[in-house]
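Dear colleague,

Please find below the structure that I am handing over to you.

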Amino acid sequence: MADAYGPDQRRVLIIGTDGLRPDSVDPARMPTCAKLMEEGTLFTAFHAAYPSETRVSMTTLTTGVYPGRHGVVSNLMYVPGFGEDGWLQTGNDQHLLAYRPMMSEPFILQPTLGDRLHRRGKRLAVAGSSSPGASLLWNLHHPEAVLNPASTYGRSALEAVHRRLGKVPEERTKVKKELALWATRAMIECHLKNEENQVMVLWLSEPDASQHDYGIGSPAHLEALQAVDACVAMLLEALEREGLGEKIDILWISDHGHSTLRARGSLEMHVQDAIQELKLTTKFAAAGHSIYVAEKTDLAEREGRELIDWLQSQDWCELVFAQDPLPLQRPDVLPLELLLGPITHRRAPFLAIQPKWSDERNACGVPGITEALTSKPKLYSSHGTVSPFDMHAFCLGAGPHFKKGHVSDLPCGIVDIAPTVCHLIGLHEETGFDGRVLVEGLQGGYKPEWLSFFARTPSTHKSPRRFALLDRRGI
């Protein structure tokens, strides 16, 4: 049955449940997921990219390369020359659309799945309940194929679609169910029947949102798990109604995990304290877990070393990574390429900070506590670090080309999704990926005609190897 359709007829559906920790999958609350696990392949060693943030993940998923190459290095990035202050919010679709005209370079520096499909007369269609920027990153150059309730991306054709779908009803519970249902309806009613949409993405902002707002293991989080499972059930029922069950392969994934937070103040606040305490004159800018040199001076190198000393003296700081640690003459500072992969652009931060974490349990009995760099008192859990609780993500493949009832513990990650999708729809000639095809989950194993594809596609698994190295250093 796997060969019943030619490459032009094969389709792939990516279902994203944002922030889903693999250990949160409960068959009692997620019967649809449990049934697919019985029918498909579960990838138990599936990893996020660094930083384990949503918009970095979206870009890694759609390009199949690490942030060191695709250029999206944080949810909130500092790019000198952009806007009035250089800060670019990747969740803001207006920032993304303004970047190329303003900076005379593409925002995403490598081709997306949308770009690759468009060259062949096909489309990547997206429906998401995430931020409008996160949805757009999947297919930045073709926003007409992206449906998000918060934006029409300046396209009049999308305005008509939004009128037909209607506004998102008011949420009745703490969980963003109505947002998820809107995106699911948009996928079913607008994208599913159009065979030009050879690859489709349904991205749901739960359980990420409920974990942030109420904590991992909270009643709201458990309700969110049920809600996303119900949305996937609706989508699978639509596939069967349309007779698409044997034509579409499904990849149900998450982009990262989550950790309970022990808030220790934002990195921006800490850096400002260091600047005042050390009387630094270099302008450092900080966001998330990254520190940038906003204005380079002759003192930047020396003051950078002083800043590192200060950071490493803080009881919440585990490790410091630098874009180029050699000039800093600091053997206790690790190269940033361990996290981002080889860096081929100028957007990487000066330093990245890894806060301490533990496997301590929260009030609901869920392990994973991070000394979070945040000043938000009502942020109960989050992600973005190299803690295994942040980095371990969910991945399940089901459909005509996946093994049935199979479990793979081979290291893999979100960087492998794009090359796997290209393989599933017959685009074996596509090159330039950092990831590789998840052949261990596919029926039939290796085939001779795949060999040229693998030869052009690095199969290094840099991400799991990098984070294994970090594990040995005590992270």
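Pro51 is found in the loop between S3 and H2; helices (H or I, at least four residues) and strands (E, at least two) are DSSP runs, numbered from the N terminus. Because its relative accessibility is 4%, Tyr50 counts as buried, where buried means under 20% relative accessible area, exposed over 50%, and partly exposed in between (1.4 Å probe, protein chains only).

Before the remaining findings, a note on provenance. This is a predicted model, in which local features need pLDDT of at least 70 and side-chain atom pairs count only at pLDDT 80 or more, while totals for chains, interfaces and linings use all residues. Residues are numbered from 1 along each chain as its sequence is written, and side-chain values use heavy atoms, with hydrogens and water left out.

Further backbone features

Most residues other than glycine have a negative phi, and most peptide bonds are trans. Another cis peptide bond runs from Glu206 to Pro207, with omega near 10 degrees. Pro207 lies in the loop between strand S8 (197–204) and helix H9 (208–214).

Two non-glycine residues with positive phi deserve mention. Phi of Tyr153 is near 55 degrees, and Lys279 has a positive phi of about 55 degrees. Tyr153 sits in the loop between strand S7 (146–147) and H7 and is buried, with a relative accessible area of 1%. Lys279, by contrast, is exposed at 67%; its place is the loop between helix H11 (267–278) and strand S11 (283–287).

Arg155 is also in the loop between S7 and H7. With a relative accessibility of 31%, Arg155 counts as partly exposed. Not counting residues up to four places away in sequence, Arg155 touches Pro143 and Glu144, contact meaning heavy atoms within 4.5 Å. Arg155 and Ala300, 145 residues apart along the chain, are separated by 45 Å, and Tyr50 and Pro143, 93 residues apart in sequence, are 26 Å apart in space.

Helix packing

Two packed helices are described by the angle between their axes and the distance between the axes. Here the axes are lines fitted to C-alpha atoms, for helices over the stretch in contact, and angles run from 0 to 180 degrees between N-to-C directions.

Helix H7 (residues 156–165) packs with helix H8 (residues 177–191) at an angle of about 115 degrees, their axes being 11 Å apart. The two are therefore roughly perpendicular to each other; angles under 35 degrees count as roughly parallel, over 145 as roughly antiparallel, 65 to 115 as roughly perpendicular and the rest as oblique. From H7, the contact draws on Val161, His162, Arg164 and Leu165, and from H8 on Trp182, Arg185, Ala186, Glu189 and Cys190. By class, these residues are five nonpolar, one polar and three charged. In this scheme Ala, Val, Leu, Ile, Met, Phe, Trp, Tyr, Cys and Pro count as nonpolar, Asp, Glu, Lys and Arg as charged, and the others, Gly among them, as polar.

H1 and H10 pack at an angle of about 60 degrees, with their axes 7 Å apart, and are therefore oblique to each other. Pro31, Thr32, Cys33 and Leu36 of H1 meet Asp229, Val232, Ala233 and Leu236 of H10. This contact comprises six nonpolar, one polar and one charged residues. Thr32, in helix H1 (residues 31–39), counts as buried at 14% relative accessibility. Beyond its neighbours within four places in sequence, the contacts of Thr32 include Trp252.

Nonpolar cores

Which residues touch the most other members of the largest nonpolar core? Of its 107 residues, they are Leu13, Ile14, Phe107, Trp138, Trp252, Ile253 and Ile417. A nonpolar core is a set of buried Ala, Val, Leu, Ile, Met, Phe, Trp, Tyr and Cys residues joined through side-chain atoms within 4.5 Å. Helix H10 (residues 219–241) supplies the largest share of this core, eight residues. Leaving aside neighbours within four places in sequence, Ile417 is in contact with Ile14, Phe46, Leu61, Leu251, Ile253, Cys395 and Leu438. Another core, of 22 residues, lies apart from the largest one and has Ala286, Ile291, Cys317 and Leu373 among its members.

With kind regards
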